[in-house]
Amino acid sequence: MKVTVFSSKPYDVASLSQVPDTIDWHFLEPRLDSDTAKLAKGSEAIVAFVNDDLSAPVLTELKSQGIKMVALRCAGFNNIDLEAANTLGLRVARVPAYSPEAVAEHAVALTMMLNRRLHRAYNRVRENNFSLDGLLGFNLHGKTVAIIGTGAIGRATARIFKGFGCKLVAYDLYPNTAFNDDIGGQYLPFEQAITQADIVSLHCPLTPDTYHLIDAGSLAKMKKGAMLINTSRGALLDTQAAIDALKSGQLGYLGLDVYEQEGDLFFEDLSNRIIPDDVFQRLLTFPNVVITGHQGYFTQEALSAIAQTTVDNLNAFHQGQLSGNELTKA
Ligand code: NAD
C-alpha cells in the first residue's frame, strides 16, 4: 500500500520507517493544504499531523486524487472536518493515547521553569551574573492545581503534581472516577476550579465548546498572580486576553506549548525571517512567559508509539477491518 506522509520531518521518517512493515512510504515535507493535496496522487492513504489542513475542500481534493483513508499521527482531531470526511466516505483514524506522560511531563517542566525562572537563571549564569534578584520562586508543595480535562494526559499530569504534594482539583464534562479514587482529586464546576487554583493546566480537546475557554472573563476569575499552562491546543486560550492579564499582573505566569496561530510558525526554523505575528512577538517580551513549539509529545517513547499505532491503523484499513481508533464510520 502506498501512503503519502505530509509535514514529515527527519524524525517522522525515522520513526515510521522503523516499524517493520511493507508500507510504501512517500514522505513529503510540505504541510497538507489545498495546493499540496494533489501530491498524494497514487497513494491509497495519507498520514497527517496537527497543523495540516483537513478542511472540506482539502478532503475533497484528496478524495479526487484517490485517497481512501486519513491516518492522523496525533491525538487531537480539531483540524479535520469529520462531517465532510464522512460524506466523502473517507476513513479517518487517530492515535488516541500514545504516551500521555510525554505531554504531562512537559506541562510540569513548563511549570517548574516558570516558577524557578530557569529560563532567566540559565542565561544569567552564562554571563557570569549570579544575582538572585527576580528569581524568587514558590514551593509547589501545598499549592492547588486545577486540571481542566482529566483524560489520559490530564490524569498523568495530576499524578506528577500529586507527587509534589499539591492539592488537585479538576473540571471535566465527563468526570473519571480514577481522578477521585487513585489521585485523590476533587471535581468542581469550571469556575470554582479555576478560582481556587494557583496553577491551571489545560488538558481538554479543542472543540466549539472549548474555543477560548480561557478568555478575559475566566482570567479575571483566577487568583491574582496565578500560573496558566497550556499544552493542549492554542485556541483554548484567547491570547490577546492573556496579554492584557499579563500586563495588569492578574496573570502571574504563562507557559505555552501550543499557540492559536502556531500553524504559521511551529516546526520550522524561522530564525532568519521577520515574524509578522505581533501577538506572538508581544508574548515573547514578558519575562514570566515561556513558550515551546509544540514539543510536548516529542519523546522517543511517544514517537515510537505514534508510529506503531499509525501503521496499525493503516493496516486495519487495508485489511478491511475497523480499528478502534477510527473517527468515521466504516
Ligand atoms: P483524552 O481524550 O484522553 O482526554 C480529554 C479529556 O477532556 C476527556 O476527559 C474529556 O472528557 C475532556 N473534555 C472534553 N470536552 C471537555 C470540555 N468541554 N470541558 C472539559 N473537559 C472536556 O485526551 P488526551 O490524550 O488527554 O489529550 C488531551 C489534549 O492534549 C488533546 O486533545 C490534544 O489537544 C492535546 N495534546 C497535545 C500534545 C502536545 O504535544 N502538546 C500532544 C498530545 C495531545
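Val-200 touches Ala-146, Ile-148, Ile-194, Met-222, Met-227, Leu-228 and Ile-229, leaving out residues up to four places away in sequence; contact means heavy atoms within 4.5 Å. This is a predicted model, in which local features need pLDDT of at least 70, side-chain atom pairs count only at pLDDT 80 or more, and totals for chains, interfaces and linings use all residues. Residues are numbered from 1 along each chain as its sequence is written, and side-chain values use heavy atoms, with hydrogens and water left out.

**Nonpolar cores**

- The largest nonpolar core holds 35 residues. A nonpolar core is a set of buried Ala, Val, Leu, Ile, Met, Phe, Trp, Tyr and Cys residues joined through side-chain atoms within 4.5 Å.
- Buried means under 20% relative accessible area, exposed over 50%, and partly exposed in between (1.4 Å probe, protein chains only).
- Ile-148, Val-200, Leu-219, Met-222, Leu-228, Leu-251 and Leu-254 touch the most other members of the largest core.
- At least two residues of this core come from each of β6 (144-148), α8 (190-196), β9 (199-202), β10 (226-230), α10 (239-248), β11 (251-256) and α11 (278-284). Helices (H or I, at least four residues) and strands (E, at least two) are DSSP runs, numbered from the N terminus.
- Helix α10 gives the largest share of this core, 5 residues.
- Another core, of 30 residues, lies apart from it; Leu-72, Ile-80, Ala-84 and Tyr-297 are among its members.

**Ile-147**

- Ile-147 lies in strand β6. Ile-147 counts as buried because its relative accessibility is 0%.
- Beyond four places in sequence, Ile-147 touches Gly-154, Thr-157, Ala-158, Leu-168, Val-169, Ala-170, Tyr-171, Ser-201 and His-203.
- Phe-266 is 119 residues from Ile-147 in sequence and 25 Å from it in space, C-alpha to C-alpha.

**Ligand site**

- The ligand has 23 residues around it, and Tyr-98, Ala-152, Ile-153, Asp-172 and Thr-231 come nearest. A residue counts as near if one of its heavy atoms lies within 4 Å.
- An oxygen atom of the ligand lies 2.9 Å from a backbone N or O atom of Ile-153.
- A polar backbone atom of Thr-231 is 2.8 Å from a nitrogen atom of the ligand.
- For Ser-232, a backbone N or O atom lies 3.3 Å from an oxygen atom of the ligand.
- On its own the ligand has 860 Å² of accessible area, and the protein covers 86% of that. Areas come from the Shrake-Rupley method with a 1.4 Å probe; for residues, only the protein chains shown count as cover.

**Polar side chains**

- Asp-12 sits in helix α1 (residues 10-18). Asp-12 is buried, at 6% relative accessibility.
- Gln-65 is in the loop between α2 (56-64) and β4 (69-72). Gln-65 is buried, with a relative accessible area of 15%.
- At 2.6 Å, the side chains of Gln-65 and Glu-61 make a polar contact.

**Cysteines**

- The whole structure has 0 disulfides (pairs of cysteine sulfur atoms within 2.5 Å).
- The closest cysteine sulfur to that of Cys-74 is in Cys-204, 16 Å away, so the pair is too far apart for a bond.
- Cys-74 is buried at 2% relative accessibility, and Cys-204 is buried at 10%.

Note on methods:
A polar contact is a pair of N or O atoms within 3.5 Å; within protein, one must be able to donate a hydrogen and the other to accept it, and residues adjacent in sequence count only if both atoms are side-chain atoms.
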